[in-house]
Amino acid sequence: MIKTPITEMLGIRYPLFQGGMAWIADGNLAAAVSNAGGLGIIAAGNAPKEYVKGEIRKAKSLTDKPFGVNIMLMSPYADEIADLVVEEKVRVVTTGAGNPSKYMKAWKDAGITVIPVVASVAMAKLMKRVGADALIAEGGESGGHVGELTTIVLVPQIVDATDLPVIAAGGIADGRAAAATFLLGAVGIQMGTRFLSAKECSISPVYKEKIIKANDLCTMVTGKRLGHPVRSLRTNFARRYQEAEYGGMPDEELEQLGVGALRKAVKDGDLENGCFLSGQVAALVKKEESAEEIILDVMQGCEEALKGALKWVE
Ligand code: TUI
């Protein structure tokens with residue numbers, strides 16, 4: 001059993017969060033993760049308020065355990081989702097892809113536990129100042145929108161930057177990696193890619209199979225030119241996007257190429273037009289399992305790795 005400040009703060013059994021993956025992390029997946037003792041998180045992504053509200057209501061009907069909502073701050077609907085989490089009395093909010101300062105007072109007044117994703121020391125310090133309860137330090141091994149630094153470099157610097165509990169994310173899909181981040185000072189982990197293979201994850205079968213069959217070099221980063229680097233599977237779409245990016249396609253046309261691409265991957269498994277977000281660690285995701293099996297495997301592996309960590313020490 002691993003007890004840390006984050007299991008205590010949230011009243012959850014395992015210090016393990018399921019990442020807020022746009023169009024993927026719905027009420028059903030989040031409830032399955034929370035019921036298995038982790039923290040399930042519903043992704044708001046670029047979706048409007050009514051969609052997210054439906055997913056929150058679904059999760060409430062499926063679990064009485066705590067769950068969270070992730071707010072993607074670049075979303076045109078971020079303001080209304082920020083109100084929604086207060087109206088729905090969501091217990092935990094995580095944020096990504098931006099600075100949530102302007103919402104902090106309303107969330108804290110509503111008694112919400114706020115855990116922003118940070119990819120730099122400056123953002124960690126700012127989040128401490130505006131009242132964050134904990135931080136998710138996400139390295140660029142992750143899928144989706146990526147920062148500059150890797151998990152192994154970022155986590156200890158975020159741990160040193162404030163006294164807040166730190167959850168490590170990016171490149172973690174098994175107990176070994178989880179244990180490694182604990183040795184860096186993290187008190188919890190967040191996984192996205194590993195949950196793509198969960199039975200309760202209702203993505204297109206094409207997407208799931210691509211993750212399970214992925215190898216070490218299966219992902220690439222596109223979108224740097226527009227200032228939103230995104231890691232995804234190396235599909236025909238990703239290659240085409242990269243060619244357009246470096247071939248001088250005007251910014252507006254390039255933006256247009258990406259519109260709706262996440263949805264086309266998740267719902268239709270469309271390898272020509274869909275953007276299949278994935279972390280570098282997809283190669284370590286080997287089979288479809290229930291969310292509960294995934295969580296038990298990672299936490300058991302983590303405990304064994306931590307207990308075994310003294311074997312080279314005289
Ligand atoms: O947000 C993510 N991952 C995401 S968001 C997403 S949807 C999307 N679609 C198209 C383009 C871009 C995104 C898919 N995957 N992870 C959390 C994360 N947040 N990683 C890095 C950051 C981050 C970056 C900058 C957090 C704060 C930040 O602050 C910058 C500033 O000064 O505002």
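Author: A residue counts as near a molecule or strand if one of its heavy atoms lies within 4 Å of it. This is a predicted model, in which local features need pLDDT of at least 70 and side-chain atom pairs count only at pLDDT 80 or more, while totals for chains, interfaces and linings use all residues. Residues are numbered from 1 along each chain as its sequence is written, and side-chain values use heavy atoms, with hydrogens and water left out.

Reader: Which residues come nearest to the ligand?

Author: There are 13 residues around the ligand. Those that come nearest are Ala97, Gly98, Met123, Glu138 and His145.

Reader: How far from a nitrogen atom of the ligand is an N or O atom in the side chain of glutamate 138?

Author: A polar contact is a pair of N or O atoms within 3.5 Å; within protein, one must be able to donate a hydrogen and the other to accept it, and residues adjacent in sequence count only if both atoms are side-chain atoms. Alanine 97 places a backbone N or O atom 2.9 Å from a ligand nitrogen atom, and histidine 145 has a backbone N or O atom 3.0 Å from a ligand nitrogen atom. For glutamate 138, the side-chain N or O atom lies at a distance of 3.0 Å.

Reader: Is helix H8 parallel or oblique to helix H13?

Author: Helices (H or I, at least four residues) and strands (E, at least two) are DSSP runs, numbered from the N terminus. Axes are lines fitted to C-alpha atoms, for helices over the stretch in contact, and angles run from 0 to 180 degrees between N-to-C directions. H8 (residues 175–183) and H13 (residues 291–307) have axes 7 Å apart, at an angle of about 55 degrees. Angles under 35 degrees count as roughly parallel, over 145 as roughly antiparallel, 65 to 115 as roughly perpendicular and the rest as oblique, so H8 is to H13 oblique.

Reader: How many residues of the contact of H8 with H13 are nonpolar?

Author: Contact means heavy atoms within 4.5 Å. H8 contributes Gly175, Arg176, Ala178, Ala179, Phe182 and Leu183, and H13 contributes Val298, Gly301, Cys302, Ala305 and Leu306. Ala, Val, Leu, Ile, Met, Phe, Trp, Tyr, Cys and Pro count as nonpolar, Asp, Glu, Lys and Arg as charged, and the others, Gly among them, as polar. Two residues of this contact are polar, one is charged, and the number of nonpolar ones is eight.

Reader: Which residues of H7 meet H6?

Author: The axes of H6 (residues 121–129) and H7 (residues 151–161) come within 9 Å and cross at roughly 35 degrees. From H6, the residues are Val121, Ala124 and Lys125; from H7, they are Gln157, Ile158 and Ala161.
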